[in-house]
Amino acid sequence: MGIAADIVVIVVAALLGGLIAQKLRQPLILGYILAGVVIGPFTGGVTVSDAHEIEKLAEIGVALLLFALGLEFSLKELRPVRNIALIGGPIQILLTVGYGYLVGQWLGWETVPSLWLGGIASLSSTMVILKTLMNQGMMGTLSSRVMIGILIVQDLAVVPLMIMLPQLSDPASGLPILGVAAVKSVAFLLVMFFIGTRALPWLLAIVARWNSRELFLLTITAIGLGIGYATYLVGLSFAFGAFVAGMVLSESDYGHQALSDIIPLRDLFGLLFFTSVGMLLDPNFLLKNWAGVAQLVLLIALGKGIMMAGIARGFGYGNVVPLAVALGMFQIGEFSFVLGQVGFGGGFLNQEQYSYILSAAIFSMVITPFASGLTAPLYGLKRRLLKTETLETVNLPKEGLHEHIVIAGGGRVGQHVAQVLQQLEVPFVIIEMSHRLIDKCKECGYPAIYGDASQEMILEVANLAEAQQLLITIPHITPTETIVRYVHRHHPDLNIVVRAEGVEQMEALYADGVYMVIMPELEAGLEIARQTLLNLKIPIPIIQRYTDAVRLDHYHPDMQNQDGNQEIRLLKNARELLELSWERLGEQSLMVGRSLRDLEIRQTLGVSIVGVLRDGQFTSNPPADFVFKVDDLIAIIGSQAQQEALQGFN
């Protein structure tokens, strides 16, 4: 079967690796990389027949990831980080090249291999960083936008590095080639932003009108990969072209649908990429030279991380951003494989140096999710020890926060809650670590604190001691559990309402002591069912009775045995005897033209008319001489049987 059999082996191995990683609560990419090691050419057992062909397919994964990234991030969102990207990015590359040269010299390498080490180490892993940010729910934060801005510049630097590094013995001969590449890049960007911004949305609009989802998916895939391949043909980066195509489409009306459709394809080819990375690792070399590989990884990670943090700080970014950038971008990127192959093939790197760089790159990628996960606890420790940084807050009341609601998470759910509380003039504050969402809070006039809600100091700034309630709308279980456990220890009397995904999370959160867990999918399903039943003219009390029953069945079975819930059930039974419903009087109604005194409805049927809505005006408890008219909407209280008897008058 050739390459088809290889793909089957990779998918099955990646599935097993992913299941193990998920079971151990580790990032899936680690499972994919380890699966690649197992089926790679350096281990026995089941192996792929042609690793080189898989590497070519994996390039599609990189292109699709950057295409999806372009769809998700518009130019407007990247504009705030343009200075650190366009100026700080090149500075970081030059500094890392110099630092890598010093590391190579310290390791005893000659001048040219040392410079190659610096050039290779200057590039971080776009694929690993983006996947890590997605898994941690950090996309959209200021830290993520800074990293993405620098990554874009690094990807653009691949072509100049591939031109200049082989010309180190004669740098002048590489300048004309570099100049041609720069002209091509500028020409490509001009074409995309002056022609592509008009032609591509026009094409998608035509395809969308045909209502064929299959054709729409094919179109956006062809656009992303086709433009990427076009940039490759003119000597630029394949992935860079796909990214620019995504950014162009993100400004169109079909950007969100394109992103939704491309994600499954992106994840599948991304799996091939991470598995192919694992296939490059030689376990035998790693075991024999583990000390040297670990030393190289440590030197590169420390030096590059310090430079990343320093550049972020130098461009005015404070709080958690420098630490997040350092712990997220310290690794050697996937383009090191390409540059390393060029260096090894051209005789600039010997076999041992190439193997060291390859092993260090893979190992640094593997530890990236762990290192990035340390950002929040290390930042919390830093704040506790130093206590020098001031938190960014917006729209906080001058008198402080008292008797308020704390909303942890300023996403769509948190924003909806904030809108309701603001309209009802209920004091509240939002805690959010996405700079984009903080800007939105500022525009809407919502009080907000910029920071990670899972950090103790951030929570205390929100004055939990005087809060009425804590609402956690964060969609990720790990920070949610951290917040719940902290509040349960230090503020046990504070009611916590939490968002959860699935029954397993709900049960775990109730075990941690929350007051109420809400499952958005269940609530959406109940609302759809309610609207359906309303359209079928089923009385509102009956709909409410069934939706309450569904909620009671799904939200924590132990609630049924609590005294408060027994009281609720008794009240529900009583409510069945006193249901409120609305009836509209038609032209044939026996009530039209007559007063309450004439009808004697209360005496004969036992039904009470408690309100009348007429021409937009509501009359509560209408008097005995109130005369009914056609199209009056009357509010009735009574049992189901009494209300059915009243329908004989209407």
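## Ground rules

Contact here means heavy atoms within 4.5 Å. Keep in mind that this is a predicted model.

## Helix 10 against helix 12

With that cut-off in hand, look at where helix 10 meets helix 12. From helix 10 come Arg 213, Phe 216, Leu 217, Ile 220 and Thr 221, and they touch Gln 257, Ala 258, Ser 260, Asp 261, Ile 262 and Leu 265 of helix 12. Sorted by class, that contact has six nonpolar, three polar and two charged residues.

How do the axes of helix 10 and helix 12 cross? Helix 10 covers residues 213-233, and its axis comes within 10 Å of that of helix 12, crossing at roughly 80°. That makes helix 10 roughly perpendicular to helix 12, because angles of 65 to 115 degrees are put in that class.

On the helix 2 side, the contact is made by Ile 29, Tyr 32, Ile 33, Ala 35, Gly 36, Val 37 and Ile 39; on the helix 12 side, by Leu 271, Phe 274, Thr 275, Gly 278 and Met 279. By class, this contact has nine nonpolar, three polar and no charged residues.

Next up is helix 7 (residues 126-135), whose axis comes within 12 Å of that of helix 12 (residues 255-279) and crosses at roughly 125°. Helix 7 and helix 12 are therefore oblique to each other as well, and here the crossing is left-handed. Met 127, Val 128, Lys 131 and Met 134 of helix 7 meet Arg 266, Asp 267, Gly 270, Phe 273 and Phe 274 of helix 12. The class count for this contact is five nonpolar, one polar and three charged residues.

Seven strands make up an open sheet in the order 1-4-3-2-5-6-7, with mixed pairing. Which strands stand at the edges? Strand 1 (393-394) and strand 7 (516-518) do, each with a single partner strand, so one side of each is left without a neighbour in the sheet.

Strand 2 (residues 405-408) pairs with strand 5 (residues 469-472) in the parallel sense over four bridges, and Val 406 has Leu 470 of strand 5 as its bridge partner. Strand 5 and strand 6 are parallel too, over four bridges, with Leu 471 partnered by Val 497 of strand 6. Strand 6 (residues 495-499) then pairs with strand 7 in the parallel sense over three bridges, and there Val 497 has Met 516 as its bridge partner.

## Helices on the sheet, and one after it

Helix 20 (residues 435-444) packs on the sheet and touches strand 1, strand 3 (428-432) and strand 4 (448-450). Its direction makes about 155° with that of strand 4. Helix 23 (residues 503-511) packs on the sheet as well, touching strand 6 and strand 7, and its direction makes about 160° with that of strand 7.

Strand 9 (residues 608-614) and strand 10 (residues 617-620) pair in the antiparallel sense over four bridges, with Arg 614 opposite Gln 617. They form a hairpin with two residues between them, and Asp 615 in the turn has a positive phi of about 50°.

Most residues other than glycine have a negative phi. Where does Glu 403 sit? It lies in the loop between strand 1 and strand 2, and it has a positive phi of about 50° although it is not a glycine. Asn 463, in the loop between helix 21 (456-461) and strand 5, is also a non-glycine with a positive phi, of about 55°. Just after helix 24, Lys 537 takes a positive phi of about 65°.

How values were computed
Residues are numbered from 1 along each chain as its sequence is written. This is a predicted model: local features need pLDDT of at least 70, side-chain atom pairs count only at pLDDT 80 or more; totals for chains, interfaces and linings use all residues. Side-chain values use heavy atoms; hydrogens and water are left out. Two strands pair if DSSP finds at least two bridges between them. Axes are lines fitted to C-alpha atoms, for helices over the stretch in contact, and angles run from 0 to 180 degrees between N-to-C directions. Angles under 35 degrees count as roughly parallel, over 145 as roughly antiparallel, 65 to 115 as roughly perpendicular and the rest as oblique. A crossing is left-handed if the near helix is turned anticlockwise from the far one by less than a right angle, and right-handed if clockwise. Ala, Val, Leu, Ile, Met, Phe, Trp, Tyr, Cys and Pro count as nonpolar, Asp, Glu, Lys and Arg as charged, and the others, Gly among them, as polar.
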